[in-house]
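Please look over the sequence and the model, then read the points below.

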Amino acid sequence: MAKIDLSNISHSYNPNDPNPVYALNPFSMTWENGNRYAILGPSGCGKTTMLNIVSGLVRPSAGRILFDDKDVTDLKTEDRNIAQVFQFPVIYNTMTVYENLAFPLKCRDFSKSKTDERVNSVAETLNLKSFLNSPARKLTADQKQLISLGRGLVREDVAAVLMDEPLTVIDPDLKFRLRRNLKEINEQYKTTLVYVTHDQNEAMTFADNIIVMSEGEVVQTGSPKELFERPNTTFVGYFIGSPAMNLFESEISSNDSVKINNTLIKTHTNLSNLKTKNIKLGIRSEFIKIAQNQNENLIDVNVQKVEDLGNYKLITAKMGDFTIKSKVTRETEIPNQNVKLHIPAEKCCVYEDNKLI
Amino acid sequence: MNFKHKYFFLFPGLFVLIGILIFPIIFVVRLSLSGWNSYNPGLDYIGLENYIRLFTDDPRFWESFFRLSFLSVTTVILQYVIGFALAHMVWKDIKFKRFFRVLFLVPMMTTPVIMTVIWRTFFHESLGPVNDMLSIFGVAPKWLTDPVIAKFTVIIVEVWQWTPFMFLLLLAGLLSLPKEPFLAAAIDGASPVRKFIYVTFPLMAPISIGAIIIRLIEASKIMDTVYVLTSGGPGTSTETSSFYIFIKGLREFQMGYAASMSFTYLIIMIISLTIIAKVLTKLLLKE
């Protein structure tokens with residue numbers, strides 16, 4: 001268990017080129033001991049590079065990495081005392097489940113009784129107790145993935161458990177169970193867990209801190225709620241949430257209101273000293289409802305499509321050239337083609353040059 | 001799919017297959033039931049007489065067969081161990097990696113018969129450079145004329161010639177292994193020896209089985225090395241099945257008898273290689 005500091009880390013795969021291309025732009029970050037972090041972003045955004053820098057498979061072009069204030073930038077993976085779970089389960093085929101779990105301890109010359117105690121405790125947590133004596137290769141993919149994880153957990157002193165899309169090969173309902181397992185493990189062992197994924201649902205349900213990345217840049221770090229309600233950039237708004245955040249090109253009309261398609265929308269943002277005209281209003285479709293008896297922030301729209309998606313209805317409507325999506329409960333009646341939608345002022349995010357004001 | 005012309009397109013392949021494989025096998029079976037020899041050439045019918053002679057009255061065939069088993073198993077094991085070691089060596093990032101990779105393949109690129117002639121010259125007991133150098137230590141092994149040492153001379157030449165093939169297959173195998181298991185082992189703190197025992201070797205098992213079987217089949221056909229190096233001698237001490245069949249068939253022209261030996265040999269090889277493959281799979285893959 002350790003606190004992990006990434007200080008001014010950046011990485012380029014061609015650092016000697018006159019114009020190096022950065023896979024990871026300079027950033028600093030601290031991962032607190034015992035927390036769950038998810039690194040989220042589309043493919044090729046640098047999340048695996050970041051993980052590999054922490055695990056020591058990649059040496060950053062610049063910056064230092066510290067475990068509990070000890071510089072480990074130049075240490076090899078084996079000396080960093082971390083555990084890593086890969087996308088596909090890695091087990092020792094010739095060994096039993098017990099031998100697999102005991103292997104890291106055996107390599108470190110732990111006593112028989114200590115090994116026994118640790119392996120049994122980890123097997124208990126991971127529900128592998130009944131398989132301890134069966135050959136590891138006979139197990140299912142998710143059980144094998146649990147073994148990979150277990151090998152990380154048997155060492156009490158491991159600094160962090162890093163996971164690179166570990167649930168890719170696992171069935172959806174098992175995924176849910178494993179994520180719960182991971183949370184329990186985190187609570188029980190107080191291990192720092194770092195989880196790389198491109199699946200926002202996975203990140204949202206697993207982590208208490210999400211690091212959103214895009215094109216080598218850390219665009220926002222925060223709790224699932226913060227990312228959902230106050231996305232820092234239009235990219236985060238677009239990437240997180242399903243459907244993506246509604247974004248409208250708009251003009252400033254007063255200190256706290258914008259104009260979209262000649263409709264005035266009040267916000268809770270101070271818009272007095274803006275420099276550019278590139279203004280966008282963002283609002284989650286979850287917050288847009290059919291107007292009941294409100295008298296401001298109403299927009300007239302023309303309903304194009306209503307999709308019943310099981311637990312909610314998704315309305316796609318048009319206002320002039322803008323498309324608006326609204327998520328409403330299944331019971332909501334949509335009276336006719338032309339309806340009024342209400343946009344709550346407190347949920348409006350205003351973006352200047354795609355950055356939240 | 002109903003495709004009328006499929007036989008037309010299959011014909012060239014089938015024709016070649018019949019011509020070079022199916023017909024010869026059937027012909028050998030028929031030939032083995034005849035007494036075809038240099039006095040009496042022709043496909044007469046003498047029943048199982050050749051087989052009765054082979055099984056009751058020809059210890060030389062069985063001796064040559066067991067000698068062949070010893071030679072091929074020993075050479076293949078040595079090739080596997082040396083080939084694996086060399087492949088493992090150039091698999092890692094070492095200096096002059098490319099140079100070594102090509103160097104280790106040179107023996108395979110040379111013509112076996114010519115290389116064997118060169119080896120014979122090397123091992124020549126009074127004129128060869130090997131004994132010339134060994135004379136410094138006062139020894140002069142009879143490389144080609146001692147019944148026991150001659151077997152090992154054959155093994156040395158075979159191993160030298162064919163280890164590169166094993167090396168090539170195993171290197172290709174090593175290069176195709178996923179890297180995660182090695183990273184995981186490094187993270188678990190495994191020493192290089194443990195890494196080899198628990199990661200490299202198990203991952204290489206399927207490739208190893210393939211390579212060993214291919215080499216066993218090839219090694220059982222050993223003929224040119226023996227022919228050039230010792231001609232089966234001294235006496236019959238390096239004579240292998242194929243060489244003995246060659247002597248009976250193409251030197252003594254006992255065609256019918258040689259055919260019965262060939263066919264018996266084929267059946268034994270099919271059965272024993274199947275068993276070996278099964279045993280290897282069980283041993284290495286633990287299935």
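Helices (H or I, at least four residues) and strands (E, at least two) are DSSP runs, numbered from the N terminus. In those terms, A:Gly44 sits in the loop that links strand 3 (36-40) to helix 1 (47-55) of chain A. The model is predicted.

**Chain A**
- Chain A contains eight helices and 21 strands.
- The C-alpha trace of chain A spans about 75 × 55 × 30 Å along its principal axes.
- Chain A has 357 residues, of which 39% count as buried.
- Among the contacts in chain A with a separation of 6 or more, 64% come from residues 24 or more positions apart.

**A:Gly44**
- A:Gly44 has 13 other C-beta atoms within 10 Å. A residue counts as buried at 20 or more such atoms and as exposed at 12 or fewer, so A:Gly44 is partly exposed.
- Between A:Gly44 and A:Met213 there are 169 residues in sequence, counted as their separation, and 9.7 Å in space, from C-alpha to C-alpha.

**Chain B**
- Chain B has 13 helices and zero strands.
- Along the sequence, the pattern of chain B reads α-α-α-α-α-α-α-α-α-α-α-α-α.
- Taken along the principal axes, the C-alpha atoms of chain B fill a box of roughly 75 × 75 × 35 Å.
- Of the 287 residues in chain B, 30% count as buried.
- For contacts in chain B between residues at least 6 apart in sequence, 69% join residues at least 24 apart.

- In soluble globular proteins, nonpolar side chains tend to be buried together.
- The largest nonpolar core here has 77 residues, and A:Ala38, A:Ile39 and A:Val194 touch the most other members.
- Helix 2 (residues 97-107) of chain A gives the most to this core, namely five residues.
- Leaving out residues up to four places away in sequence, A:Ile39 touches A:Lys47, A:Met50, A:Leu51, A:Val194, A:Val196, A:Ile211 and A:Met213.
- A second, separate core has 41 residues, including B:Leu71, B:Phe84, B:Val154 and B:Tyr257.

**Contact between the chains**
- Chain A brings 19 residues to the contact and chain B brings 14.
- On the side of chain B that touches chain A, helix 9 (180-188) and helix 10 of chain B each supply at least two residues.
- Helix 9 of chain B gives the most to that side, with seven residues.
- By class, the side of chain B that touches chain A has eight nonpolar, two polar and four charged residues.

**Helices 3 and 10 of chain B**
- Two packed helices are described by the angle between their axes and the distance between the axes.
- For helix 3 (residues 59-91) and helix 10 (residues 192-220) of chain B, the axes come within 9 Å and cross at roughly 140 degrees.
- Helix 3 of chain B is therefore oblique to helix 10 of chain B.
- The crossing of helix 3 and helix 10 of chain B is right-handed.
- From helix 3 of chain B, the contact is made by B:Leu68, B:Ser72, B:Thr75, B:Val76, B:Gln79 and B:Tyr80.
- From helix 10 of chain B, the contact is made by B:Ile212, B:Arg215, B:Leu216, B:Ala219 and B:Ser220.
- The residues of this contact of helix 3 with helix 10 of chain B divide into six nonpolar, four polar and one charged.

Terms used
Residues numbered from 1 in each chain as written. Chains lettered and ligands numbered in written order. Predicted model: local features only at pLDDT ≥ 70, side-chain atom pairs only at ≥ 80, totals over all residues. Axes fitted to C-alpha atoms, helices over the stretch in contact; angles between N-to-C directions. Parallel < 35°, antiparallel > 145°, perpendicular 65-115°, else oblique. Left-handed = near helix turned anticlockwise from the far one by under 90°. Contact = placed C-beta atoms within 7 Å. Nonpolar A, V, L, I, M, F, W, Y, C, P; charged D, E, K, R; others polar. Core = buried A, V, L, I, M, F, W, Y, C linked by C-beta atoms within 7 Å.
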